[in-house]
Amino acid sequence: MKSILIARRAFLASAAGAVAIVAGTLPALAQSAADRAVEAAKQYSGTTINVLYEAGLQPLDPKNFTGPMWEELTGIKVNVIESPLPEIFTKTMQAHRAGSGAYDVLNVVPNQMPDLALAGALEPLDAYVEKYGFADELQTIAPVYRDNQMKVEGKIYGFPDDGDTLVLYYRKDLFEDPENQAEFKAKYGYDLGPPQTWEQFGEIGQFMTDKYAPEIYGAGLLRQPGNAQYMFQERFRTEGGEFFDEETMKATVNSEAGLKVFNQMLEENKWMPPGVEQWGFIEAFNALLAGDIAMTVSWPPVGRWAAGYGKGTEALSWIPETTVADKIGYALPPGNNPELAVGFSLGVASGSKNKEAAYLFIQWMNSEDISIQRVQLPYALRDPFRDSHFTNEEYRSRWSNADEYLDTLKAGAESGLLDLSLLQTDRYEEGLRQAISSLWGGDDPQTILDDLAGQWDELTERIGVDEQRRVYSDWASKPNAYPN
Amino acid sequence: MAQAPVRSGIADNELAFKYLLIAPAIFILLLIGLYPFVKLIVVSFQNISMFDDIRSFQGFIHYERLFEDVRLWESLLHTALFTLVALPIELVLGYLLALLFLQKLPFKQILVAVILLPIVIAPIVAGSTWRLMLDQRFGPINQVIGWFAGGDVKLLWTVDPLLVWPAIMIAEVWQWTPFMFLILLAALSNVDQEQLEAAEMDGASRWMTFRKIILPAIAPVMFIAVLIRALDLFRLFDVIWTMTQGGPGTRTETISIYAYQMAFREFEISYSAAIAFLVIFVLTVVVVLALRRVEVAR
């Protein structure tokens, strides 16, 4: 623990040193995007900017790290306002509708960006990007995030700031055990390893459960509808499903692919831990750390924490002691097209009274210089999103197989699938969430999917078929909308 | 005869002074009560949604939609059924508890305080606590049931359609039965003891004593308690939101949850105003009828 504390102190000291150097050389050089932002922001010294962040660990970055640093550099105070993830869209829209100017900086879930931009809640950032010379550094954001989570109808509305991608975590000790390998091969005829298809996932999971349950189950996936909808979106597409018929805009979620995924999910629950239907992020994470499951699919922070990164950090004191450090392997989920689930882009509220200061703050946070520090904060939830983050030597040596971890995230960022993004996306997602909760409730899968398709069609009619077709076609034409 | 106009003038002045005294309170009440109501009605005739901001009169389009919206009527049905089941349970349990506490009990004051604790807990906290209590992995309820069943049990209280309403009912009854208990304890404490003793001497049965003496004595207070709880149950939101968010599917969706979804998730502002007006209308009719009935009974 001591060594970690020392490492943390050294990390913060080096960060502070970097800031001091940056601050000291600003007037003379002012070369990097971070430098330019700091220099320009000094004119707003004494003001306060309100920053909307997802509640939980996310806001510890602006509260403990970037906020105090920014205040020291520029004299601008950062006031962090927290909101649970499902409420962020609502609060952003409410503030915009009421014209309250409650927020200056926004965290925007990328697939909700079109809704917020078209409703006028987001400030276009192109003029600022040009004014403060940020265009070059935007180009070094990993292409999948840069090309898909930044613009709406050609205008920049946010800076991709969180490289979310789903990752398969598996127990290397169980997978590499010679006895397990021999038994598995004898039974299924192929080598035991990270599953490449969801059929293999089912077979490996069943094998592990048969052998080790109730001590260890084959897998525990996130089944709460809010999480499971992302897994469905991914699996549905890797099975060849398409959400809509592009000609008619009729929902095709009730196709064979949809039914196959729903049936597979139901079958998997039978060999997963009892009550897995209630599992969310925390339940699956706890089970992995406790050594209760052989596989899970979750967001990137799970991999860091399972390896013990950040152990001893006060903000992570709630995390149970990992029993599987050095035993966790990383791979892309079956199908090799992971969902780029959720993610965040940094934006500026159109109703902000401090737009320029807010913009400069997000440019500084998102810059090469500062973002590499932020994605390494052990307690924060920002995941690597710039090319340089994946190759950063310091990060790659943070724990024994951190290099494998970063390589997996990089691979995810290349082949990952975008969350469905339409006009009023959240309403379509709400239907999907309800469908999944009905599935766990025991309703017939085909009936659920037919109802969902009907609900989506009704919604599309209400929003406007032509308008929605235009948005869907634009989304579907992106390289990461469907597997190549 | 000549003094009458003077007296009348004084009376008028007194009346005017009284009105003047209550005018600020009336003004504030109108401001915070009537204005939002009028605004609600106005918005329900406009068309304001995530992308539309049409402030002109749009006719009855949202009211027509109410009649076609199956999910709305299902949520109303859920609300009504839950109210009809939970209310009598809370009333009977509260009454029985109150009867018990009319007796001499050791540590009575402390016990009353403990029983009343759930009322002071925020419903959102109560709902979260019950969700954890009923959780398959971390909750103690299934563990306790397992001890009696002689093995592990898998009861998915917030997922299984057969268990989800009972789970909500447990949380709601746990939190609000003490309210009934408190009100009924106060009412029962004021029942005329002489009448009870006379009934006992005359050989009246317990049922007759309850029906002819106790019930009439506590009826006005009980009616108010039932009315308050019925209104609360009709607006039920927090506990369900934290336990199931209206699921599985929309099986536990109440009218408040549906209205919230429409207003703050889907930003159908005008339509949700129409829903709110419908709720206000239904509740007003129920309350007026109930009050009338009590007035007639008197």
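**Figure 1. Where chain B meets chain A.** In this predicted model, 20 residues of chain B make contact with 22 residues of chain A. On the chain B side of this meeting place, you will find eight nonpolar, five polar and seven charged residues.

**Figure 2. Helix 8 of chain B and the glycine that follows.** Here we look at residues 193-201 of chain B, which form helix 8. Just past the end of helix 8, Gly203(B) adopts a positive phi of about 80 degrees.

**Figure 3. Strands 7 and 9 of chain A, side by side.** Strand 7 (residues 167-171) and strand 9 of chain A run antiparallel and are joined by four bridges. To find your place in the pair, look for Arg171(A), which stands opposite Ile328(A) of strand 9. Strand 9 itself covers residues 328-331 of chain A. From this strand, Ile328(A) and Tyr330(A) point one way, while Gly329(A) and Ala331(A) point the other way. Whichever way they point, all four of these residues are buried.

**Figure 4. Chain A, the setting for the strand pair.** Stepping back, chain A holds 23 helices and 10 strands. Its radius of gyration is 23 Å, close to the 23 Å that the globule rule gives for 484 residues, so chain A is as compact as a globular protein of that length. Along the principal axes, the C-alpha atoms of chain A fill a box of roughly 70 × 60 × 35 Å. Buried residues account for 52% of the 484 in this chain. Of the chain A contacts between residues at least 6 apart in sequence, 75% link residues at least 24 apart.

Technical notes: Residues are numbered from 1 along each chain as its sequence is written. Chains are lettered from A and ligands numbered from 1 in the order in which they are written. This is a predicted model: local features need pLDDT of at least 70, side-chain atom pairs count only at pLDDT 80 or more; totals for chains, interfaces and linings use all residues. Two residues are in contact if their C-beta atoms, placed from the backbone, lie within 7 Å. Ala, Val, Leu, Ile, Met, Phe, Trp, Tyr, Cys and Pro count as nonpolar, Asp, Glu, Lys and Arg as charged, and the others, Gly among them, as polar. A residue is buried if 20 or more other C-beta atoms lie within 10 Å of its own, exposed if 12 or fewer, and partly exposed in between; C-beta atoms are placed from the backbone. Helices (H or I, at least four residues) and strands (E, at least two) are DSSP runs, numbered from the N terminus. Two strands pair if DSSP finds at least two bridges between them. The radius of gyration is taken over C-alpha atoms; the globule rule is 2.2 Å times the number of residues to the power 0.38.
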